Amino acid sequence: MTSELPFWQRKPLEDMNREEWESLCDGCGKCCLIKLEDEDSGDIVATDVTCKLLDLGTCQCSQYPQRSKYVPDCVTLTPENIGSLGFMPATCAYRLLAEGKPLEDWHPLVSGDPDSVHRSGNSVLNRVVPETEVEDADLEDHVIDWFDGEAIKWDFVEEDLSPGDPADKAWNDGSGNDGSGDEGGWDDEAWGEEESRGEQRGRGVAGDGA
Ligand code: SF4
Ligand code: SF4
């Protein structure tokens, strides 16, 4: 029966409420990688260099509530713009649903395990470096070929890596609490205002709350 289907199978993206929308993010962290655009072809390629705000231990944004202040090119996904965000990986849950495809079996909502995205090797865990450690001139040396799906199988992903249950993603629920526990500890002087580089970044955040 239709009513027995999970929400992502029976609701179009635009009809999802905020909780449902936020829970779609699998936490892969791929949208937080620096992208480069070929000036001639316009092609966009991803690197293994992450936004400076990405927590490499959890693959979550370390400053979710204030991310736009420090990273102005961090794009907020909505049902309206998801179809035009070509920089999202092919594995992104929002993109999959927008394209009429099912969620992957390693998606936390499907597996029931918030760390299954990491255990299956479909996150950026253990395969990236922060942008603070890479010179602009060296970004081209960091272009990757696994952005759209080549997984790495890990056998050492620790328990409870992600700070939340997939069905209750307080760590990514748009409430202003990213689960890091340090929302009040942001040091403006440490980062300063963002000097943007690379191409678009984005996270599956802040639906329209319908
Ligand atoms: S959500 Fe945005 S600001 Fe946060 S780590 Fe990702 S790209 Fe950076
Ligand atoms: S928005 Fe998409 S690409 Fe980004 S972390 Fe969530 S599922 Fe991954």
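This is a predicted model: local features need pLDDT of at least 70, side-chain atom pairs count only at pLDDT 80 or more; totals for chains, interfaces and linings use all residues.
Three strands form an open sheet in the order S1-S2-S6, with mixed pairing. Strand S1 (33-37) and strand S6 (129-130) are its edge strands, each pairing on one side only. Strand S2, which spans residues 44-50, pairs with S6 in the parallel sense over two bridges. Within S6, Pro130 is the bridge partner of Thr50.

The largest nonpolar core comprises 36 residues, of which Leu33, Ala93 and Tyr94 touch the most other members. Two or more residues are given to this core by each of S1, S2 and helix H4 (93-98). The greatest contribution is that of H4, with four residues. When residues up to four places away in sequence are not counted, Leu33 touches Ala46, Thr47, Asp48, Val49 and Thr50, together with Val124 and Val128.

Helix H3 covers residues 67-70 and includes Tyr70. Tyr70 is classed as partly exposed because 18 other C-beta atoms lie within 10 Å, whereas a buried residue would require 20 or more. Between Tyr70 and Lys52, the C-alpha to C-alpha distance is 9.7 Å, at a separation of 18 residues in sequence.

How values were computed
Residues are numbered from 1 along each chain as its sequence is written. Chains are lettered from A and ligands numbered from 1 in the order in which they are written. A residue is buried if 20 or more other C-beta atoms lie within 10 Å of its own, exposed if 12 or fewer, and partly exposed in between; C-beta atoms are placed from the backbone. Two strands pair if DSSP finds at least two bridges between them. A nonpolar core is a set of buried Ala, Val, Leu, Ile, Met, Phe, Trp, Tyr and Cys residues joined through C-beta atoms within 7 Å. Two residues are in contact if their C-beta atoms, placed from the backbone, lie within 7 Å.
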